[in-house]
Amino acid sequence: MSLLIDGIGELFTADDDGTVHYDAAIVVEAGRIAWVGHRLNRPAADEYLDLGDRAVVPGFVDSHAHLVFAGDRSGEFDARMRGEPYDGGGIRTTVGATRKASDERLRANCARLTAEMLRQGTTTVEVKSGYGLTVEDEARSLRIAREFTPETTYLGAHTVPAGVDADEYTALAAGPMLDACAPHAKWADVFCERGAFDGDQARAVLTASAKAGLGLRVHANQLTAGPGVRLAVELGAASADHCTHLTDADVDALANSATVATLLPGAEFSTRSPYPDARRLLDAGARVALATDCNPGSSYTSSMAFCIALAVREMGMTPAEALEAATAGGADALRRTDVGRVAVGARADLVVLDAPSFVHLAYRPGTPLTHAVVHGGSVVGS
Ligand code: NIG
Ligand code: FE
């Protein structure tokens with residue numbers, strides 16, 4: 001069964017030539033894109049969908065999210081807006097609530113947030129553990145995450161639980177906890193930061209995780225210009241995430257590596273912090289992705305469009321650069337070639353915008369612009 005999607009006023013492909021096509025059409029077959037071109041050359045298909053000259057962009061790839069948790073921290077947010085700083089200490093509040101929650105409650109929270117994301121055009125999402133911090137609670141977080149996405153990340157080294165010795169906890173996270181979690185995870189991540197895990201501790205967990213067959217990602221340089229980014233590059237991590245406080249050496253290291261700099265402006269919004277300098281990274285030649293960091297503490301948004309708008313307004317990105325970072329950039333951060341681009345052979349993941357141009361994603365911030373979402377060839381909302 002083939003589907004011809006016609007009447008695409010503007011198509012942003014995020015493919016290698018970064019092309020925007022006008023008056024385009026797409027043919028979908030078996031969940032994949034089988035043909036892309038000008039509508040005058042469109043082939044016949046079994047089914048037909050006319051988009052009435054709307055703009056189409058690739059499904060968003062949200063390559064950084066923490067969705068397995070219970071509770072919220074609106075009180076902490078409110079306190080920050082009255083001047084309290086963010087230091088990651090609130091992670092333990094969510095750990096307490098998550099440990100107490102049943103599997104069903106955690107599953108329902110993931111279902112709610114992934115559905116919210118899909119409605120807004122996110123067709124690929126990465127989900128981390130990190131609010132369990134015991135062998136059992138981390139493993140169950142990943143088992144639940146894997147019900148929703150293949151992009152699961154072991155983040156046992158998110159913070160040191162209260163009353164536990166940091167080096168002993170690091171040994172647990174690099175040993176028995178990793179052994180229990182690795183079968184359910186594709187990636188491993190560490191919060192490398194003052195007050196969480198230092199460079200040596202992060203290295204211990206990351207190298208053990210690589211030995212266990214996991215790909216690497218790092219929460220790096222969020223609050224301070226620490227060793228996280230250079231460690232990520234040295235270990236060949238797919239992504240260094242946050243990248244808010246960077247030295248020139250960090251920027252050089254990213255620019256000369258295959259490690260993607262994943263920027264999470266929802267976190268700076270929600271912690272009232274200075275935004276990362278995307279312009280500096282792009283001008284140096286680094287690969288940049290945008291993601292939500294959706295979590296109940298530092299960034300409780302599921303909206304990639306909101307992140308695009310922030311990146312354009314606050315981080316020196318053009319609308320095209322920001323959209324590319326939210327689609328193909330996110331795919332690169334997950335080392336995926338089958339998503340994040342509109343190209344023949346790619347999974348048919350599309351966002352149909354109630355707008356004539358992708359520029360409206362940043363030009364009309366806060367406005368729901370999703371007319372329909374195509375996920376694996378199926379229209380999931382219109
Ligand atoms: O990416 N910084 C570390 N982890 C999350 C925040 C987690 C939390 O505050 O609950 C982040 O911002
Ligand atoms: Fe995060």
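1. Start with Asp293. Asp293 sits in the loop between strand 13 (288-290) and helix 12 (304-314). The model is predicted, and the points below should be read with that in mind. Asp293 has 29 C-beta neighbours inside 10 Å. The cut-off for a buried residue is 20 or more, so Asp293 counts as buried.

2. What does Asp293 touch, leaving aside residues up to four places away in sequence? The list is His64, Ala65, Leu264, Gly266, Ala267, Ser298 and Ser299.

3. Is His64 buried or exposed? His64 is buried, with 32 other C-beta atoms within 10 Å. Beyond four places in sequence, His64 touches Glu126, Asp241, Thr262, Leu264, Ala291 and Asp293.

4. Now the record. An unreviewed UniProt entry lists His64, His66, His219 and Asp293 under "binding site". These residues span 230 residues in sequence, yet no two of their C-alpha atoms are more than 12.1 Å apart, so they gather at one spot. Keep the source in mind: the label comes from the UniProt entry, while the distance is computed from the model.

5. Next, ligand 1. How many residues surround ligand 1? The number is 13, and the closest are Ile91, Phe191, Asn295, Gly297 and Ser298. By class, the shell holds three nonpolar, nine polar and one charged residue.

6. Step back to the whole chain. The secondary structure comes to 14 helices and 16 strands. The C-alpha trace spans about 65 × 45 × 40 Å along its principal axes. A compact globule of 382 residues would have a radius of gyration near 21 Å; the chain has 20 Å, which agrees. Buried residues make up 55% of the chain. Take the contacts with a separation of 6 or more: 69% of them join residues 24 or more positions apart.

7. Ala45 is in the loop between strand 3 (32-38) and strand 4 (47-58). Ala45 and Ile5 are 40 residues apart in sequence, but their C-alpha atoms are 9.4 Å apart. Ala45 has 20 C-beta neighbours inside 10 Å. The cut-off is 20 or more, so Ala45 counts as buried. Setting aside residues up to four places away, Ala45 touches Ser2, Leu3, Leu4 and Val27.

8. How is the chain divided into domains? The assignment gives domain 1 (2-58 + 341-381) and domain 2 (60-333). Their C-alpha centres lie 29 Å apart. The contact between them takes 19 residues from domain 1 and 17 residues from domain 2.

9. Look at the side of domain 1 that touches domain 2. Strand 4, helix 14 (360-363), strand 15 (370-375) and strand 16 (378-381) each supply at least two residues there. Which element gives the largest share? Strand 15 does, with three residues. By class, this side has 13 nonpolar, four polar and two charged residues.

Definitions and conventions. Residues numbered from 1 in each chain as written. Chains lettered and ligands numbered in written order. Predicted model: local features only at pLDDT ≥ 70, side-chain atom pairs only at ≥ 80, totals over all residues. UniProt positions renumbered as here; feature names shortened; annotations may be inferred. Buried ≥ 20, exposed ≤ 12 C-beta atoms within 10 Å, placed from the backbone. Contact = placed C-beta atoms within 7 Å. Helix = DSSP H or I, 4+ residues; strand = E, 2+ residues; numbered from the N terminus. Rg over C-alpha atoms; globule rule 2.2 N^0.38 Å. Near = placed C-beta within 6 Å. Nonpolar A, V, L, I, M, F, W, Y, C, P; charged D, E, K, R; others polar. Domains from an automatic or database assignment.
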